[in-house]
Amino acid sequence: MRPDIRVRFAPSPTGYLHIGGARTALFNWLFARHHGGTFVLRIEDTDLKRNTEEAAAAIYEGLRWLELNWDEGPHVGGKFGPYFQSERTEIYERYLKKLQDDGHIFEDQGALRFRSPREHVVVDDLVCGKIDFDLTNPGTHPDMTVRRPDGSWIFHFVNVIDDIEMKISHVIRGEDHLSNTPKHIELYRALGATPPRFAHIPLILNHDGSKMSKRDEGARVAAYIEQGYVPDAVRNYLCLLGWSPKDNREKIDIEEVVKLFELEKINRRNAAFDRDKCFWLNGQYIAQMSLDRFVELAKPFLRQAGIIAPVGGRDSVEPTKSIDGSAERRPTDEGYLRAVLAIVKEKIKLLSELPEWTSYFFTEDYEFDPAAAEKVFGKSEAATRLSALREEFRKIDNWNAGPIESTLKALVQKLDCKTGDLVHPARVAVSGRSVGPSLYHMLEVMGKERVLTRFERATAKFSKLPGVSF
């Protein structure tokens, strides 16, 4: 355990949480967890014109969704707060006065600037190695503004002050900040403070080699939440953007990443963002996760679609109006919901697909896909065969997948037809579509009475199609 290790993620609430910012937060979190240190969330909200509460909320939501819980910061507190820069003005004033008293500050057209000592600064970076920055030329390294004429603070100044005050031991951030680091070290030295160790992690690039910007596809963490990615999968993928377990594994549990993570193992090369690989990982996580976890992640998407809603303090299926305006009788127990999700789980690649794959389990007011209905019931004998199957299913006492399958296949032999001649009409009749989970398990979960009712309704509906001899 290294309680002296303290790292921070310090985003600005001026837009959504970028995938690059999430990766930076993740690497800080991993380093803190690996060493038993502290992960601090600090909100750099000195840009009052661009800051929004919505942006701050998106940061919290994104980090919580990725399960990157912070030890100090907003909503948590801590002894080094406040954790919003907008609330730390008195602290900045105190440090500014110290620099002024020591002759490091001069005024220039209303702005306050830090007088550079004009020297070489060597940054000993844990990822990039030792880099010598020549700051002797004022043409390439002008004196840094620390406070604008309007009184607002410059990022470089308050960033350093906060890291000193919050006792940050390691600054882990994107490589685009590497060029800022010698300026920051100058401030540390002027204040008589020991700089933290720096680790600048590789940038995330698009396929064409360009830096991933806020406008690029896949840049918003919120988009992954909306589209139904699993947080474990996105977090796993972000781990691989600049780091790897060195054994070519791609799916790796976060607990193991915590054990293996070291800053020295971060790759020096920029990381290429591969949305297809992230999508593949998502499918792997869904396929291999427990049913309990799948149900937990599925519920928000089913609530949003109106399939389930909190009723009486618990999740249940709310009745809706059927076609004739009467209230439908639909299963309301958790067991039915779990059974439905269990049989569709293998089909799901994104959680946002769940309403499409499950809605017909919970309502009698489902639509028939025209192409599927025409293809299946446009054939002669289809409605007749469905009616015959209904009569055979009526005789089943032990309603589960085994007897359902054996009964259907026995009727195939009796009618001297193909299995698909019964399977396809049955599937379209109970779901309105031509694809879905295993038919026999689907019928078992729906229940005998519901299946027989849907068969009867479909038979009546499609026996009137041209070419159907029923």
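Trainee: Which ring does the charged end of Lys 251 sit over?
Mentor: The ring of Tyr 285, 4.3 Å from its centre. Keep in mind that this is a predicted model.
Trainee: And what about the charged end of Arg 147?
Mentor: That end sits over the ring of Trp 153, 3.9 Å from the ring centre.
Trainee: Is Trp 153 buried or exposed?
Mentor: Buried, with a relative accessible area of 6%.
Trainee: How many aromatic pairs are there?
Mentor: The count is 14. In one of them, the rings of Tyr 92 and Trp 153 have centres 5.6 Å apart and planes at 65°, so that pair is edge-to-face.
Trainee: Where do Tyr 92 and Trp 153 lie?
Mentor: Tyr 92 is in helix α3, and Trp 153 is in the loop between β7 and α4. The pair therefore ties together parts 61 residues apart in sequence. Tyr 92 is buried too, at 0% relative accessible area.
Trainee: Switching topic. What order do the strands take in the open sheet?
Mentor: The order is β3-β4-β7, with antiparallel pairing. β3 and β7 stand at the edges with a single partner strand each, so one side of each has no neighbour in the sheet.
Trainee: How many bridges join β4 and β7?
Mentor: Three. Arg 113, for example, has Thr 145 in β7 as its bridge partner.
Trainee: Last one. Which residues touch the most other members of the largest nonpolar core?
Mentor: Leu 30, Phe 157, Phe 361 and Phe 393, out of 148 residues. Helix α1 gives this core its largest share, nine residues.

Technical notes
Residues numbered from 1 in each chain as written. Predicted model: local features only at pLDDT ≥ 70, side-chain atom pairs only at ≥ 80, totals over all residues. Heavy atoms only, no water. Pairing = 2+ DSSP bridges. Helix = DSSP H or I, 4+ residues; strand = E, 2+ residues; numbered from the N terminus. Core = buried A, V, L, I, M, F, W, Y, C linked by side-chain atoms within 4.5 Å. Buried < 20%, exposed > 50% of the residue type's maximum accessible area, 1.4 Å probe, protein only. Phe/Tyr/Trp six-rings, centres within 6.5 Å; stacked < 30°, edge-to-face > 60°. Lys NZ or Arg CZ within 6 Å of the ring centre and 35° of its normal.
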